[in-house]
Structures are given as C-alpha cells and as structure tokens.
Amino acid sequence: MRLRTIARKAACALVGLAALVGAVEFEARPAMAEELAKDLFGAEKLPAATTPQSFGFYSKGCFTGGVAIPFEGDTWTVMRPSRNRRWGHPAMIALLEKFSRDAASDGWPGLLLGDISQPRGGPMLTGHASHQIGLDADIWLTPMPKRELTSAERENKSATLMVDPKTHRVYDKLWTPAHTQLLKRAASYPEIERILVNPGIKKKLCDTVTGDRSWLRKIRPFWGHDYHFHIRIGCQPGSHGCKEQAATSPGDGCDKSLAWWFTEEPWRPNKNPDAPKARDIMTMANLPKECRMVLQAPSPASAEAATYHGDGRAPVAVAASPEPAEAPAATAVGETPPEPVSANAFAPTPAIGIPLPRPRPGG
Ligand SMILES: [Zn+2]
C-alpha cells in the first residue's frame, strides 16, 4: 500500500517534471537561438558613430558616440591595449585625461589605465559585470613608471597587490600618502559619483584621513579592487535611456557598513560557484532595446578618427545622422572636419557632459 502510494507519487512527479522540462524547453528555445550579447558586443572593433548616449545601467547596457583615449599621453598609459577597452563616453575620456594631469601635478607620475569600456559597451567576454555604458573606468594603484613601457610590458606587467588577502588590511609598507591624495583627487570631480576600492583601502582612509573627510563618502568598499580602483561617473546630459544608480548614503562610510567587511560573512565561499554570471548569459533581449540599434550603427573611419586627444578638438566619430538605423554608410563617417567644442579637457574641472562632439539633436 505504502509502496504503491510512493510509486504513484513518483510517477506523478515524473509526469510533472516532464511537463516542466517541456515548458522550460519551449520557453528557452527562442532565447537560446539568440546570440549572447557579450559575443556581439565583444566583436565590435569600433564605436557607434552617433551622438554620445548611454542606454540602460552600468551592468546592463550599451552606448553610442564612444571615443578612445590615446594609448599614451604624457601623464597616462593604457594597459592591456590588445583588449580594446579604452573606449568611453566623451565626458569620461576627457575626465580621465584631466585627472591624469591633475594627479601628475599632485606628484603621482601618471595613471596606468585599466579597462574602460568596449567600443559600443555591452557585456564583455571576460571580467567586469559593469563597464557597459561608457561611464566606468579602472585605474591601477601602481604609478606610471618614469620610462616608457614597452608593448610587452603594457600587455603583461603586473599591478601591485595593495591588500593582504588574509587580513583584508592594506600592506602598510606599500600604502603612501600619494595613494590617498590620488583617491582624494578622483573624489574631487563632481562627475565622479563613486570610487570602488577594496574594504582594506577604505579602512586605511577612514583611519588616516584628517581634516576634510567629506570626500570619503564617494569611496565605496567592494570585493576585489586591491590592484586598482574603479571610478564611475553619472549619467550624462542627452542620455535619456541611462539609468541612474542610487545615491550614496550620507556620511563618510567609516561606520558599521565598513565594519561588516571585517567580519567573516562577506568572505564565505560562494555556495554556488558554478552558477553562470549574468554577463555570460545575457542575450540582446535582456538589454535595452536600443542596444540592437547600437550594434547596427555605422562606425567611424578608424579608431584614430574616434580618438580624443584633449586638444579642444572633438574626435570625428559622429555620423551625419543622429539616428543609428538611418545613418549613412560607414565610409562617409570620418570625413567631417574636426569641430571645435565649447569646452575641453584642459579647462578647469569640467561641468558634466562635456566635451560633446556635437550638440545633441533637438537641443
Ligand atoms: Zn572596474
């Protein structure tokens, strides 16, 4: 009797499971037929040559009008250049160039730049949940060497690990006042809303910064970020499809929320280490609908045509039509002569949204 009940229940369960599997298959088929967004965006070599706009959120989106930072300047060097992740919203690229000069005047010899975004943003094949809308950038906590780095060094040189992975405290022999000053300078720009650092670095700042501590509010503890820090700027004017992040809570953050990072909880092993990451399963259907248009938009003539040199001239990345789908063929793009912009990266700390290569359509 009991056995029969169990058998019946098992049979029901099997039928239920079969139905469920059928339903899952039915549901999953269209999604699986769709290519992964990271494959599509990861294959793009050049930006969408239209007005700069970010669509979606930092961890789920894409962008147009991207410009590249040159591989090197007097005060910065792009690391891992073969990844082709030196692209960002023009406001981000201008800010990075300005930040590098300000940092140099503070005594930091120059910035080693990690990943910014792919040419059209979107999820990446490797690394990063965010960096998808041209408004995030990683900067090494290692100063730029005085001599020029070779191409091999740019690809292979290691950054310096600043935090003891066992204690989650900064290595005191490595941390210098110049590191603190670098983060303070980054926090001084109104465009920068958040700076992600390892909890050990946040603690070091909490323990040592005297005088004005208001800038500590922007410094946010997060996993990783022990070789580099991450700057994030807000949605830029003209990006109506850009989703703002929540504001940081008031105060310097040197409180219970920081103490939590020095408990066991944040460091427990992942219970489900094989679960796929969001960026690995994201399809075009998961991204804002504009991202399909972003993939179809024309390219500039070359990467150089869309490189921002901080000389007050806009890169020639912008197609004649502001509508990605109706934009002219890629060959026409890049022939437009450079236009002066109203402000540039040499200006005092720029207001948000500049320099825009073109006024946005319709004002
Ligand atoms: Zn980052």
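H131 counts as buried, with 28 C-beta neighbours inside 10 Å, in a model that is predicted. The cut-off for burial is 20 or more other C-beta atoms within 10 Å. H131 is found in the loop between β7 (111-113) and β8 (136-140). Its phi is positive, at about 65 degrees, although H131 is not a glycine.

A positive phi also occurs at H168, a residue other than glycine, with a value near 60 degrees. H168 lies in the loop between α4 and α5. This residue is partly exposed, because 18 other C-beta atoms lie within 10 Å, a count between the limits of 12 or fewer for exposed and 20 or more for buried.

R169 is placed in the loop between α4 (151-156) and α5 (177-187). With 17 other C-beta atoms within 10 Å, R169 is partly exposed. Leaving out residues up to four places away in sequence, R169 touches V163, D164, G200 and K203. G200 is 31 residues from R169 along the chain, yet their C-alpha atoms are separated by 4.5 Å.

The largest nonpolar core holds 65 residues. Within this core, M92, L113 and I195 touch the most other members. Helix α3 (residues 90-106) gives the most to the core, contributing 8 residues. In soluble globular proteins, nonpolar side chains tend to be buried together. The contacts of I195, not counting residues up to four places away in sequence, include L183, A186 and A187. I195 also touches K218, I219 and R220. F229, H230 and I231 complete the list of its contacts beyond that sequence limit.

How values were computed:
Residues are numbered from 1 along each chain as its sequence is written. This is a predicted model: local features need pLDDT of at least 70, side-chain atom pairs count only at pLDDT 80 or more; totals for chains, interfaces and linings use all residues. Helices (H or I, at least four residues) and strands (E, at least two) are DSSP runs, numbered from the N terminus. Two residues are in contact if their C-beta atoms, placed from the backbone, lie within 7 Å. A nonpolar core is a set of buried Ala, Val, Leu, Ile, Met, Phe, Trp, Tyr and Cys residues joined through C-beta atoms within 7 Å.
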